[in-house]
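Work through the exercises below with the sequence and the coordinates open. Each task is followed by a solution in steps.

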Amino acid sequence: MPMLEQANELFKQGISYYQTGQYQAALSCWQEALQSYRNLQEHKREGAAWGNLGAVHEALLSPEFAINCYQQHLAISREIDDPKGELNALVNLTNIYYNLKEYSNALDYQNQRLALARQLLDPYTEEQAFSGLGKIYLAQEQWEQAIDAYQHQLILAQAHQNYPSQGSAFNHLKLIHEQLEQWDQVQAYSQQHQAIFRPFLTENPGNILHQAEAIGLDPLIDFAGIDLSHLDFSYADLREANLEQTNLSYANLTLADLSGANLKAANLNHAILTNSNLRDADLSNANLIEADLRTKMPRANLSYANLTKADFMSAYLPHANLSYANLTDTNFQYAELTGVNFQGANLTGANFSRAEMKDANVENVNFTHALGISGRIKLELVKRGAIFEENED
């Protein structure tokens with residue numbers, strides 16, 4: 001049918017014009033296509049044309065015309081029993097009234113969408129409808145109704161393992177309980193939110209930071225205290241991230257940027273941090289047993305850290321704080337240790353062969369069982385207060 005083909009071509013042209021911001025041209029195409037569909041009694045296509053005309057009127061800042069178009073689309077969809085078209089029209093009407101801050105109308109159409117989704121036994125659309133209801137209630141600060149809507153969204157999302165939707169619901173529930181200063185609830189939802197990351201990543205492998213963001217987690221905040229062991233964070237940008245008490249054992253952090261990160265009491269045993277940036281990072285009380293730390297970490301705080309058998313070969317640690325750290329069998333060969341604070345550290349078996357320790361704070365530090373210290377360096381350290389007890393036979 002040449003006339004139908006011509007109308008379809010106009011419809012497609014309108015889409016192209018709309019996508020490139022040529023709204024008047026799109027309007028003209030869709031008006032002409034609409035007339036042809038009417039003449040041909042192509043009611044489903046007529047409804048779609050009305051929907052597109054509503055969108056272009058919105059873009060042209062003509063909300064009253066847009067609402068009329070969406071209502072025409074809704075009426076036709078209901079008349080011809082087109083549930084997909086009906087749902088689209090209800091979404092468009094909800095959104096335009098929401099944007100106009102006419103929340104009662106927005107709620108009315110969103111509730112109609114919810115009812116239709118239930119009628120169609122469509123749990124995914126039902127879940128979206130509850131999310132939309134939560135958004136409208138949230139805008140009006142109707143906290144209890146918003147909580148109820150987002151909890152319904154969460155239940156449905158959990159039922160069919162829609163992790164991004166779960167993440168969205170968790171974030172909104174946390175936001176509401178923060179507004180209500182209900183901190184126990186905030187913490188509970190935060191923990192539940194964090195708990196879905198590993199299963200989501202298992203099912204959807206990929207860039208860890210991108211995957212975290214896909215379910216609404218902020219890697220700079222929400223990774224604190226969770227299990228991220230054995231994961232690949234190579235090249236990851238985690239500057240200033242809060243990773244306190246996070247389990248990063250056996251993780252690959254090669255070339256990751258962790259400058260200024262909070263890694264207090266983190267578990268990094270056997271982690272690979274080769275060529276990562278740990279400048280100004282706080283690793284106090286961290287577990288770094290057998291970690292690969294051949295990297296740059298000036299001014300890093302490693303006080304009270306367990307660095308047993310950690311590898312600092314050729315590492316750059318000027319002015320780092322290693323006070324009260326466990327440095328048993330730690331490898332510092334060729335390391336740059338200028339200005340490092342060794343106060344109270346356990347240096348049993350630590351290897352300092354060819355390490356640079358200029359201006360290191362070694363007063364009252366016991367180097368008796370340390371390895372690789374030449375006679376010349378020993379004399380210099382003794383002058384600065386280091387202790388070398390005589391070996392007993």
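The exercises that follow concern a predicted model.

**Exercise 1. Determine how the rings of Phe 312 and Phe 332 are arranged, and where the two residues lie.**

Step 1. A pair of aromatic rings is described by the distance of the centres and the angle of the planes.
Step 2. A search of the whole structure finds 18 aromatic pairs. For Phe 312 and Phe 332, the ring centres are 5.0 Å apart and the planes meet at 15°, so this pair is stacked. The cut-off for stacking is an angle under 30 degrees.
Step 3. Both Phe 312 and Phe 332 lie in the loop between helix H12 (208–214) and helix H13 (375–383), so the pair ties together parts that are 20 residues apart in sequence.
Step 4. Phe 312 and Phe 332 are both buried. They belong to one aromatic cluster together with Phe 342, Phe 352, Phe 367 and Phe 388.

**Exercise 2. Describe the nonpolar cores and the surroundings of Leu 288.**

Step 1. The largest nonpolar core contains 104 residues. Those with the most contacts inside it are Phe 197, Phe 233, Leu 288, Leu 307, Phe 342, Phe 352 and Phe 367.
Step 2. Apart from neighbours within four places in sequence, the contacts of Leu 288 include Leu 268, Leu 273, Leu 283, Leu 293, Leu 302 and Leu 307. Asn 269, Asn 306 and Thr 308 are also among the residues in contact with Leu 288.
Step 3. A second, separate core has 17 residues, including Leu 4, Tyr 37, Cys 69 and Ile 76.

**Exercise 3. Compare the span of helix H3 with the expected value, and find what its buried residues pack against.**

Step 1. H3 runs over residues 43–59, which is 17 residues. At 1.5 Å a residue, 24 Å is expected. From first to last C-alpha, H3 reaches 25 Å, close to that value.
Step 2. Among the buried residues of H3 are Glu 46, Trp 50, Leu 53, Val 56 and His 57.
Step 3. The packing partners of these buried residues are helix H1 (2–19), helix H2 (23–40) and helix H4 (63–79).
Step 4. After H3 comes Leu 61, with a positive phi near 60°.

**Exercise 4. Is Gln 153 buried or exposed, and what does it touch?**

Step 1. Gln 153 is placed in helix H8 (residues 143–159).
Step 2. Its relative accessibility is 2%, so Gln 153 counts as buried; the limit is under 20%.
Step 3. Not counting residues up to four places away in sequence, Gln 153 touches Glu 127, Phe 130, Ser 131, Ser 165, Ser 168 and Ala 169.
Step 4. Residues 127–160 are 88% helix and 0% strand, with end C-alpha atoms 10 Å apart. Residues 7–40 are 91% helix and 0% strand, and their end C-alpha atoms are 10 Å apart.

**Exercise 5. Characterise Gln 161 and Ala 265 by phi, location and accessibility.**

Step 1. Gln 161 has a positive phi near 50° and is not a glycine. Ala 265, also not a glycine, has a positive phi of about 55°.
Step 2. Gln 161 sits in the loop between H8 and helix H9 (163–179), and Ala 265 in the loop between H12 and H13.
Step 3. With 48% relative accessibility, Gln 161 counts as partly exposed. Ala 265, at 35%, also counts as partly exposed.

Note on methods. Residues numbered from 1 in each chain as written. Predicted model: local features only at pLDDT ≥ 70, side-chain atom pairs only at ≥ 80, totals over all residues. Heavy atoms only, no water. Helix = DSSP H or I, 4+ residues; strand = E, 2+ residues; numbered from the N terminus. Phe/Tyr/Trp six-rings, centres within 6.5 Å; stacked < 30°, edge-to-face > 60°. Buried < 20%, exposed > 50% of the residue type's maximum accessible area, 1.4 Å probe, protein only. Core = buried A, V, L, I, M, F, W, Y, C linked by side-chain atoms within 4.5 Å. Contact = heavy atoms within 4.5 Å. Expected span 1.5 Å × (residues − 1).
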